[in-house]
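Okay, thanks for having me, everyone. Let me put the structure up, and then we'll walk through a few of its aromatic rings.

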Amino acid sequence: MVKKEIKRALRSRAFALTTAFCFFMMVEGRLDQTNGRIFNDSDPYLSKFLNSLWSTPLTILWPITVMFPFVLSYRKERDSGFGRLMALKTSRGQYRMAKSAAVACSGFLSLFLPMAGWLLFCKFILGLGSVEISVRFMPEFAEKFPFLYGMMYAVNAGVLGAVFAVWGLGLSAVVHNRYLALLIPVCYCVFTGVAASGPWQAFKLIAPDAYYNPALGGWGIPLYELAVLTVGCLLFIGGDCHAGKA
């Protein structure tokens, strides 16, 4: 059942639209950085990739983009009877496991694929460039293995996508008002952007250097993401239990 749910999630229109929008954000960042001229500088491809990530004004949308397809997904399945049918065919436990796995996989790939694809585009289409790479986080690794350095960002983005997608699934199970369910992720990111500092701001979690903030220690951000993931799972299980009794 897990494989079927994952295949269904990856074939959905929501997954395709989310992935396409994330790739658009990378392209938009590149255009914004170069004033609309995508091929106009001699920076190395890694710098083009990283600058594309942070130049877009849509940066704040990174963690919540993957939530929108899922903050209503469970409620749609429950209201249509599809969720109950799936639970009857297997069990509530298997349904929850399959649904959570499918959402996490979809959330991971919807951020990983466009970012990895843009890295490949920068490497093979935009060119290598001749200017020295300038990064503050793990500069030696970036200089020796620029492609792996870029992929580190893509994998980290995928993890962030999986965490926030599951949190969106949890909200879908407990928030009855669809507009409120959509508004909560936006309010959360805006709140952390205003009230929090440094890596605690939700949209800054996409950068791997957030994991090595001296004030938080090496485990600060992983524990934070684990807490968000746990909350999402608990909300989903609690909401599904209530729906099963109804």
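So, is Phe23 buried, partly exposed or exposed? Phe23 is partly exposed, because its relative accessibility is 30%; buried means under 20% relative accessible area, exposed means over 50%, and partly exposed is in between, with a 1.4 Å probe and protein chains only.

Some ground rules. This is a predicted model, where local features need pLDDT of at least 70, side-chain atom pairs count only at pLDDT 80 or more, and totals for chains, interfaces and linings use all residues. Residues are numbered from 1 along each chain as its sequence is written, and side-chain values use heavy atoms, leaving out hydrogens and water.

How confident is the predictor? pLDDT is its confidence in each residue, from 0 to 100. The chain has a mean of 77, with 75% of its residues at 70 or more. Confidence is lowest in helix H6 (residues 82-89), with a mean of 63, and highest in helix H9 (residues 146-174), at 88. Helices here are DSSP runs of H or I, at least four residues, and strands are runs of E, at least two, numbered from the N terminus.

Now the rings. We describe a pair of aromatic rings by the distance of the centres and the angle of the planes. Rings of Phe, Tyr and Trp (its six-membered ring) pair if their centres lie within 6.5 Å; planes under 30 degrees apart are stacked, over 60 edge-to-face, and the rest tilted. This structure holds eight such pairs.

Take Phe23 and Trp118: their centres are 5.8 Å apart and their planes at 80 degrees, so that's an edge-to-face pair. It links distant parts of the chain, with Phe23 in helix H2 (residues 13-33) and Trp118 in helix H7 (residues 92-126), 95 residues apart. Trp118 is buried, because its relative accessible area is 1%.

Next, Phe108 and Phe112: here the centres are 5.5 Å apart and the planes at 20 degrees, so this pair is stacked. Both sit in helix H7, four residues apart, about one turn of the helix. Phe108 is partly exposed at 25%, while Phe112 counts as buried at 16%.

One more group: Phe141, Phe145, Tyr149 and Tyr153 form one aromatic cluster.

Definitions and conventions
pLDDT is the predictor's confidence in each residue, from 0 to 100.
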